[in-house]
Amino acid sequence: MNMNHETTEFERRAAELLRASAAGLDGATRARLAHARTAALQPAARTPGWLEFRYLAPVGAVAAATLATVLLLSPGKPVAPVNDGTGSALYDMDLLSDAEAFDIAQEPDLGFIEWAAAQGEGTGG
Amino acid sequence: MSAPKDETRRELNRFLAEVEGKAFRIARIVLRHDEDALDAVQDAMLQLARRYAARPPQEWRPLFYRILENRIRDLQRRRMVRNRVMSLLPWRRDENEEAPDPVADAPDQAPGPADQVEGMGVLAALEGALARLPARQREAFLLRNMEGLDVMQTAAAMGCSDGSVKTHYFRAVQALKEQLGEFWT
């Protein structure tokens, strides 16, 4: 394998073709490349010093710590009991185990039951 | 990262104006997409101006091409990931399964590179053959042959040894000759 060869006709021709293709780019592409070049050479918009990360990072850390402290130290609201349906289930079990209570629950005229109970309490019996 | 000073900016402008056409063609050969090629060149210009303008001007060329190659590789990688993700999407797969492309399924009757030399023009054939080369061989060939970098500059641009550059270049020439046919020489 001889890699120290002189430039061959093939290489010369390839180089000519490739360079000619680069030199003969259309106007639109040339214009866009020139625009990209100009943009690349413009001074970059500087970020104000106080907006740099090294200044903002400690501020952010303090804000996060303050928020965490407030959340931990603030008194919690009383939590409302959650009606998950177990109360009514216990009530149903109570009704089924007490035959008298079950009968009363089946009574269509609950107003009479309440009146009778009030009378009983009033007479002390 | 700071903007170059006026004198440096003028020199950098001359340098970039000199290489931008070739850089675009190199990116276009690899990426086969005008917009992507322009993006790659623009990013390379920007990085050179912002990061390396203070370096000696004789270092700019290999630096610029090294940045450009990295950018081209990034774009290729991104495109590959995007294609993989798209192929995993079930509705995309269904679409493909339901509607087979008769043109894509047809047997390939495209002319080989040697036929293209006569049929489509030598430049198109050369670019097609370059696009089929392994990346490092193509890189070595374009930097040496088109841009005219010497072995040392090419090695600096490619981030490898002089010996590797010689090997890649030699293999690229052999492969191109094989693809394009002996009558091209």
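## Chain B, helix by helix

Chain B of this predicted model holds 10 helices and 0 strands. Read from the N terminus, its elements follow the order α-α-α-α-α-α-α-α-α-α. Of its 185 residues, 37% are buried. Take the contacts in chain B with a separation of 6 or more: 60% of them join residues 24 or more positions apart.

Chain A has 6 helices and 0 strands, running α-α-α-α-α-α from the N terminus. Buried residues account for 7% of its 125 residues.

## Helix 1 of chain B against helix 2

Let us turn to the packing around helix 1 of chain B. Helix 1 and helix 2 of chain B pack with their axes 8 Å apart and at an angle of about 145°, and their crossing is right-handed.

On the helix 1 side, the residues that meet helix 2 are Leu12(B), Leu16(B), Glu20(B), Ala23(B), Phe24(B), Ala27(B), Arg28(B) and Leu31(B). Helix 2 of chain B answers with residues including Asp34(B), Leu38(B), Val41(B), Met45(B) and Ala49(B). By class, this contact has 13 nonpolar, no polar and 4 charged residues.

## Helix 1 of chain B against helix 3

Helix 3 of chain B is another partner of helix 1 of chain B. Their axes come within 11 Å and cross at roughly 30°; an angle under 35 degrees counts as roughly parallel, so these two helices of chain B are roughly parallel to each other. Helix 1 of chain B passes helix 3 in a right-handed crossing.

From helix 1, the contact draws on Glu11(B), Phe15(B), Val19(B), Ala23(B), Ala27(B), Val30(B) and Leu31(B). Among the residues they meet in helix 3 are Trp60(B), Phe64(B), Leu68(B), Ile72(B) and Leu75(B). The residues of this contact divide into 12 nonpolar, 1 polar and 2 charged. Ala23(B), Ala27(B) and Leu31(B) are worth a look on screen, as they take part in the contact with helix 3 and also in the contact with helix 2.

## Helix 8 of chain B, well covered

Helix 8 of chain B has 12 residues and spans 15 Å from its first C-alpha to its last, close to the 16 Å expected at 1.5 Å a residue. Of those 12 residues, 10 are buried, so the helix is largely enclosed by the rest of the structure. The buried set includes Phe141(B), Leu142(B), Leu143(B) and Met146(B), and also Arg138(B), Glu139(B) and Arg144(B).

The cover over these buried residues comes from both chains: it includes helix 1 of chain A, together with helix 1, helix 3, helix 7, helix 9 and helix 10 of chain B. Just after helix 8 of chain B, Gly148(B) adopts a positive phi of about 80°.

## Where the chains meet

The contact between the two chains involves 31 residues from chain B and 24 residues from chain A. On the side of chain B that touches chain A, the elements giving two or more residues are helix 1, helix 2, helix 7, helix 8 and helix 10. Helix 1 of chain B gives the most, with 10 residues. By class, this side of chain B has 18 nonpolar, 6 polar and 7 charged residues.

Terms used: Residues numbered from 1 in each chain as written. Chains lettered and ligands numbered in written order. Predicted model: local features only at pLDDT ≥ 70, side-chain atom pairs only at ≥ 80, totals over all residues. Contact = placed C-beta atoms within 7 Å. Helix = DSSP H or I, 4+ residues; strand = E, 2+ residues; numbered from the N terminus. Nonpolar A, V, L, I, M, F, W, Y, C, P; charged D, E, K, R; others polar. Expected span 1.5 Å × (residues − 1). Buried ≥ 20, exposed ≤ 12 C-beta atoms within 10 Å, placed from the backbone. Axes fitted to C-alpha atoms, helices over the stretch in contact; angles between N-to-C directions. Parallel < 35°, antiparallel > 145°, perpendicular 65-115°, else oblique. Left-handed = near helix turned anticlockwise from the far one by under 90°.
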